[in-house]
Amino acid sequence: MGRARVLVVGGGLTAAALSYRLLGLPVAVTCWDKAMRPGGRMTTKRRGNTQIDLGPQFITRQYGEEEKIFKEFVNLGILRPLRLVDTSASSATKKSADVVSSSNGNIAADTSADNGGAVSIGVDDTIRMENKNGDLYLVKPDNFVAVGGSDEIVQHLWRKSEVTPLTQHNLDELNQADDLWLARSSANQKREVFDAVVFTQPVPQYINPHEESPEGRPHGNYLNHAIQHNNELMQQLQAVKYFSSFSLGILYDQRKELKLDWTMKYFPNNKIIRYVCV
C-alpha cells in the first residue's frame, strides 16, 4: 500500500511544524502557500542590512512546552534569550534574585548569577502552577528574540520537514469525492488528488460560505460532509472567533528624516492603526 497523500494549506509556523511532525510517517506531504515566500504571520521583510518582522518580535516558551526544539534554535543562533535589559540598576535592586513586584504585579527583575549581575526588567508573565498536593508555586516562562528575523524559525522547520512549500499556489477549489479530496490551484492550472487536507489558517476563513472572507476561501463542496453528518461540529466551528491584524513595513532606499518626538508609539483608540515603530 502506498503512502497517503496529505495537502497542507498554508506555509506558516503551524504548517511547518505539522509537516515536521509527519516526517517519518507513511505519508507524502505537499504544501500549497499563496504567498511569494513561506512564513505566514511570521514573515520578515528585508532590504540590505535592514529587516522588519511583520509578525511577533519575541517568542515565549511557556512551562511544559518542548525544551529540545528551543535549545536547538538557540544553539543554531536563530533564537537568543531575551533577558538583559537594564544594566545600570542600583545595588539595592541587585541584591534580590528573581523578584516579582507585589505592588502592581507587572514588573519583574531577574538578577540570577549567570547574567553577570545585570538586571532584566519586563512584564510579569509568571505562571501560577499547582502540584498534586495542592501546593502553589511560580514558574517563569523563557523569552527569546529571533535576531535574524522571526521567519527564520519557520524556514528552519521547513528544512527539517524535508518538504518544500509550493509558493504562489492558492487553493482555489476543493471537492470531496468518496474518500478522496480533489484540489485545484490556478497556478499552472494544477489539479491533484489527496487522501487528506489540512487547513492551517483561522477557521472563520473557511466557514460561513455566504459571508465574505477578507482573505478569500476556496470554492467546492468541502464543507458538505460536515454540514450533513456532523451538525455539532459545524456549530463549534462557526462559533470560533479570531482577531486578525496586519503589519506594514516600509524600507527606504535613502535615509529619511522624520520630525517625530518618539520612535515607537501605541494608538489604543485608533480603529485602524495600533502601533508604529520607526
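The chain contains six helices and 18 strands. Helices (H or I, at least four residues) and strands (E, at least two) are DSSP runs, numbered from the N terminus. The model is predicted: local features need pLDDT of at least 70, side-chain atom pairs count only at pLDDT 80 or more, and totals for chains, interfaces and linings use all residues. Residues are numbered from 1 along each chain as its sequence is written, and side-chain values use heavy atoms, with hydrogens and water left out.

Of the 278 residues in the chain, 29% are buried. Buried means under 20% relative accessible area, exposed over 50%, and partly exposed in between (1.4 Å probe, protein chains only). Contact means heavy atoms within 4.5 Å. Among contacts between residues at least 6 apart in sequence, 58% join residues at least 24 apart.

Two strands pair if DSSP finds at least two bridges between them. Six bridges link strand 1 (residues 4-9) to strand 2 in the parallel sense. Valine 9 has tryptophan 32 in strand 2 as its bridge partner.

Another open sheet of three strands has the order 5-12-6, and its pairing is antiparallel. Strand 5 (58-61) and strand 6 (79-81) stand at the edges with a single partner strand each, so one side of each has no neighbour in the sheet. The twist from one strand to the next averages 35 degrees. Strand 5 and strand 12 (residues 142-146) run antiparallel and are joined by four bridges. Threonine 60 has asparagine 143 in strand 12 as its bridge partner. Helix 2 (residues 67-75) packs on this sheet. The helix touches strand 5, strand 6 and strand 12, and its direction makes about 145 degrees with that of strand 5. Axes are lines fitted to C-alpha atoms, for helices over the stretch in contact, and angles run from 0 to 180 degrees between N-to-C directions.

Helix 2 also meets helix 4 (residues 151-161): their axes come within 12 Å and cross at roughly 110 degrees. Helix 2 is therefore roughly perpendicular to helix 4. Angles of 65 to 115 degrees count as roughly perpendicular, under 35 as roughly parallel, over 145 as roughly antiparallel, and the rest as oblique. On the side of helix 2, Ile69, Glu72 and Phe73 take part; on the side of helix 4, Ile153, His156, Leu157 and Lys160 do. By class, this contact has four nonpolar, one polar and two charged residues. Ala, Val, Leu, Ile, Met, Phe, Trp, Tyr, Cys and Pro count as nonpolar, Asp, Glu, Lys and Arg as charged, and the others, Gly among them, as polar.

Helix 4 is mostly covered, with eight of its 11 residues buried. Among them are Ile153, His156 and Leu157. Glutamate 162 follows helix 4. This residue lies in the loop between helix 4 and strand 13 (173-177). Glutamate 162 counts as exposed, at 65% relative accessibility. Although not a glycine, glutamate 162 has a positive phi of about 65 degrees. Most residues other than glycine have a negative phi. Glutamine 168 is found in the loop between helix 4 and strand 13. Its phi is positive too, at about 55 degrees, although glutamine 168 is not a glycine.

Leucine 174 is placed in strand 13. The residue is buried, with a relative accessible area of 1%. The C-alpha atoms of leucine 174 and arginine 191 are 9.8 Å apart in space, and the two residues are 17 apart in sequence.

Glutamate 192 is found in strand 15 (residues 190-194). At 17% relative accessibility, glutamate 192 counts as buried. Its side chain joins that of arginine 5 in a polar contact of 2.7 Å. A polar contact is a pair of N or O atoms within 3.5 Å; within protein, one must be able to donate a hydrogen and the other to accept it, and residues adjacent in sequence count only if both atoms are side-chain atoms. Not counting residues up to four places away in sequence, glutamate 192 touches Arg5, Trp32, Trp181, Leu182 and Ala183.
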